[in-house]
Amino acid sequence: MKKLINNPNDVVTDSLTGVAAAHPDLLEVDLPNHIVYRATKKDGKVAIISGGGSGHEPLHSGFVGEGMLDAACCGEVFTSPVPDQIMEATNRVDSGAGVLHIVKNYTGDVMNFEMAAEMAADMEGTTVRAVIVEDDVAVQDSLYTAGRRGVGGTVFVEKIAGALAEEGADLDAVAEVAQKVADNTRSFGLALTSCTVPAAGKPTFELGENEIELGIGIHGEPGRERRPLQSAHELAKELVDPILHDMDFTGAPVLAMLGGMGGTPLSELYLMYGEVAKLLKEAGVEVARVLVGDYVTSLEMAGCALSLLRADEELLRLWDAPVLTTGLRWGK
């Protein structure tokens, strides 16, 4: 294992120390509780919290800021944040308009966010709503989930819900648009290599020199199957076909995200998106907005994932609304 770390047990604390040092104008970091807050709280606004295991950066801490999240709860690497941590963030960001939890569909995340919401309501009277993101079409009832996994579509949900909250919409409206985005997003990913959790010190799984894993999870969970390495054109079909089989993306503007898993060069991601774009055009899918890059990673795993959102003009407007975070910024 070769990593730029000190003690493997201190990776999250040390990383967040760097986040605090790099972005004091945008973020406030609670190191003891591993929570990243928006530096300037906006009173009277619905607050939005997300979080999960570390190792997926910039998700979630990189999406804290104006027009997106008010706080992110950072668990240990690939480990859910704990209820006390989530409750602390929930009570702190609430300014009276309520709090929305955006939760990826992993059993630990769902359970801990539910417990935190109950504790916040009982102890502080905080009104909390939750939206579960379950956009991965690769597998059903996986190692870590009941139902589909929550993956790249989380970025769409956080951005669009965050924009509506920034405009001053109430909790019901913000939760409704978040649910709409979650319901209309589908994702599929593949891995060329495994990744190494610092505390484990060895790869999470083994792939042969000429093998790939289709339908991989963002924690290194098994996918649908292993195949020999193919050309980019063939791999693009492996990403696109399961998504289009699961949902009709024709007849509406579509948001597309071709995301890296942490270890794939940007040149290869753009090459892959070029192949994906051809296939979507052939299928009659109108891509209105595109992101290419690292947004939901899996440490240093090589691979990529495609996420598509069947949108409408209102969702496009909210997507285009100003955002100022370390991971996304435009319109400012």
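On a 1 Å grid over the protein atoms alone, a cavity is a set of points where a 1.4 Å probe fits but cannot get out, and a lining residue has an atom within 4 Å of a point. A pocket, by contrast, is an open set with protein on both sides within 12 Å along at least five of seven lines. Grid points are joined across faces, edges and corners, and a volume is the space filled by probe spheres set on the points.

This is a predicted model, in which local features need pLDDT of at least 70, side-chain atom pairs count only at pLDDT 80 or more, and totals for chains, interfaces and linings use all residues. Residues are numbered from 1 along each chain as its sequence is written, and side-chain values use heavy atoms, with hydrogens and water left out.

## The chain as a whole

The protein chain has eight helices and 14 strands. Helices (H or I, at least four residues) and strands (E, at least two) are DSSP runs, numbered from the N terminus. The chain's radius of gyration, taken over C-alpha atoms, is 19 Å, close to the 20 Å that the globule rule gives for 332 residues, so the chain is as compact as a globular protein of that length. That rule is 2.2 Å times the number of residues to the power 0.38. The C-alpha trace spans about 55 × 50 × 35 Å along its principal axes.

Of the 332 residues, 56% are buried, meaning under 20% relative accessible area with a 1.4 Å probe and protein chains only. Contacts are heavy atoms within 4.5 Å. Among those with a separation of 6 or more, 73% join residues 24 or more positions apart.

## Cavities

The structure holds two cavities of 30 Å³ or more. The largest has 16 lining residues, and Val 151, Gly 152, Ile 218, Met 261 and Ala 305 lie nearest its centre.

The largest share, three residues, comes from β3.

Now to the open spaces. The largest pocket holds about 560 Å³. It has 26 lining residues, and the closest to its centre are Val 11, Ser 15, Gly 55, Glu 57 and Leu 299. Here α1 (11-22) and β4 give two or more residues each. The most come from α1, with six residues.

The second largest pocket has a volume of about 180 Å³. Its lining has 13 residues, with Leu 192, Leu 235, Thr 264, Glu 268 and Met 272 closest to the centre. At least two residues each come from α6 (232-246), α7 (266-282) and β12. Four residues come from α7, which gives the most.

## Volumes and linings compared

Ala, Val, Leu, Ile, Met, Phe, Trp, Tyr, Cys and Pro count as nonpolar, Asp, Glu, Lys and Arg as charged, and the others, Gly among them, as polar.

| Space | Volume | Lining by class |
|---|---|---|
| Largest cavity | about 150 Å³ | nine nonpolar, six polar, one charged residues |
| Second largest cavity | about 40 Å³ | three nonpolar, five polar, one charged residues |
| Largest pocket | about 560 Å³ | 12 nonpolar, nine polar, five charged residues |
| Second largest pocket | about 180 Å³ | nine nonpolar, three polar, one charged residues |

Conventions
Buried means under 20% relative accessible area, exposed over 50%, partly exposed in between (1.4 Å probe, protein chains only).
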